[in-house]
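Please read this short report alongside the sequence and the 3D structure.

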Amino acid sequence: MIFVRENGRTIPKEDKIFAISNRAKEAIAKYGKENVINGTVGALFDDEGKLIVLKSVDRVFKSLTPDEYAPYAPIGGTPEFKAAIKKAAFGSYEPKGFTEAVATPGGTGGVRNTVSNFSAFGDRVLVADWFWAPYKTICQEIGRDIQTFKFFNEEGGFNIDDFKANVLELLEMQESLVIIINSPAHNPTGYSLTVNDWRNIKAIFEKTPQDKHVALLVDAAYIDFAGDEEQYRQFLPVLDEMPENVLPIVGYSASKTFTMYGMRCGAMICIAKTPAIAQEFKQACEFSSRGSWSNCNRAPQTIIAKIYADPELKKMVDEERAEYRDMLLRRGRAFEKAAKECGLEMVPFDAGFFASVPMPNPDEVAAELEKENIFLIPLAKGIRTSVASVPEDKCKLIPARIKAAMERLAEK
Ligand code: PLP
């Protein structure tokens, strides 16, 4: 770095995912889309390789009048948006706790504001060892770091023992603790914590020191693409029952749910035990917003408010999304079945945009696959395929190709 002060951050030359994604695009331009598999992008594409945008959402967007998109929105979001986004996040569940919603630019903003407000400088934020890379970027950016726990146990379930060991260790070292759990349809594995997993987490917090504060961020970015909306919200009552020193925060993203990735809209919503805790959450998070991105984009807030004010429109959006979700689930199942058939080990998978394969040498295997015009993302512990961006017939092909690449390299 020449002018830049790194301040404890590791700043790479380029974002790895976007670099691979660019190479995939170049390959498509050169060899044609039928000859290339681009499993890099975290957005839902149709079988022709076009970004899926819900028509019902697009129609509302195009109908906006200038006063519905041009003025600044309040820092925490418009009142109509805040009411609507709570409904979007909680579905038919009505939390018993005190909820406050603060608008954020995508789910990312909620991660940033949670880390900045509920951990101290130098703290470690607990995340799973399979994790979305920006968690680390965000922590480093604001003077924190991550610590990882083993996400899976030997049986392929949530590793509650390792989670507990890390929680206890960090609570011993720190006055406060932020934990980020991305579920359901976790990125990068597709795993969803069961209601029982959440109950086990609650049981741990019932025994940890009650004078230490824990912010439990449930990053629910993929909640509407995991399966039945109500079924995948059955864990919410467990959040409501956490002890008072644990503050559950739901990180909600409009990027996937409303196919508004570039509109940068989301919200962080607390479920607090007292009005004072909820009020403090709102006050601090709005302060953070003001000091980082200021207010959020008004247009998507208006769109979501309009959808929730009109039952017919809401039904259309839900039905349209459900069709694409079924398509996504079929792709995931096709990948899983093909992996089983060729004997390729997968990381425990349930649903969602991604599926992962564990291996010791992901960078080499990904480079080997690129030679055959298959573009996937190497992570620390394996390779991630975005089934969201690959048609079902190609999802069926990928596992055997990964396996063959791994075997070729092992023979070298
Ligand atoms: N959390 C996870 C795990 C994600 O994968 C994403 C998007 O890729 C997000 C949060 C939020 O994304 P956005 O800020 O685009 O809403």
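The buried residues of helix α5 are Gly106, Gly107, Gly109, Gly110, Val111, Asn113, Thr114, Val115, Ser116 and Phe118. Buried means under 20% relative accessible area, exposed over 50%, and partly exposed in between, with a 1.4 Å probe and protein chains only. This is a predicted model, in which local features need pLDDT of at least 70 and side-chain atom pairs count only at pLDDT 80 or more, while totals for chains, interfaces and linings use all residues. Residues are numbered from 1 along each chain as its sequence is written, and side-chain values use heavy atoms, with hydrogens and water left out.

Helices (H or I, at least four residues) and strands (E, at least two) are DSSP runs, numbered from the N terminus. Helix α5 covers residues 106–118 and reaches 19 Å from its first C-alpha to its last, close to the 18 Å expected at 1.5 Å a residue. The expected span is 1.5 Å times one less than the number of residues. Ten of the 13 residues of α5 are buried, so the helix is mostly covered.

**The ligand**

Helix α5 also gives the most to the shell around the ligand, with three residues. Both α5 and α10 (254–257) supply at least two residues of this shell. There are 14 residues around the ligand, and Thr108, Asp219, Tyr222, Ser255 and Lys256 come nearest. A residue is near a molecule if one of its heavy atoms lies within 4 Å of it. The shell divides into four nonpolar, seven polar and three charged residues. Here Ala, Val, Leu, Ile, Met, Phe, Trp, Tyr, Cys and Pro count as nonpolar, Asp, Glu, Lys and Arg as charged, and the others, Gly among them, as polar.

| Residue | Distance to a ligand oxygen atom |
|---|---|
| Tryptophan 132 | 3.4 Å |
| Serine 253 | 2.6 Å |
| Serine 255 | 2.6 Å |

Taken alone the ligand exposes 390 Å², and the protein buries 91% of that. Accessible areas come from the Shrake-Rupley method with a 1.4 Å probe.

Eight of the eight residues of strand β7 (residues 246–253) are buried, so the strand is largely enclosed by the rest of the structure. In a regular strand the side chains alternate between the two faces of the sheet. In β7, Val246, Pro248, Val250 and Tyr252 point one way, and Leu247, Ile249, Gly251 and Ser253 point the other way.

Two strands pair if DSSP finds at least two bridges between them. Strand β6 (residues 213–219) runs parallel to β7 and is joined to it by six bridges. Leucine 217 stands opposite isoleucine 249 in β7. Strand β8 (residues 266–272) pairs with β7 in the antiparallel sense over five bridges. Glycine 251 stands opposite methionine 268 in β8.

**The sheet with β9**

Three strands form an open antiparallel sheet in the order β9-β12-β11. Its edge strands are β9 and β11 (377–378), each of which pairs on one side only. Five bridges join β9 to strand β12 (residues 382–386), and phenylalanine 354 has serine 386 as its bridge partner in β12. Two bridges link β11 and β12, with isoleucine 377 opposite arginine 384. Four of the five residues of β9 (residues 354–358) are buried, so β9 is largely enclosed by the rest of the structure.

Alanine 351 lies in the loop between α13 (311–342) and β9. Alanine 351 counts as buried because its relative accessibility is 1%.

Terms used. A polar contact is a pair of N or O atoms within 3.5 Å; within protein, one must be able to donate a hydrogen and the other to accept it, and residues adjacent in sequence count only if both atoms are side-chain atoms.
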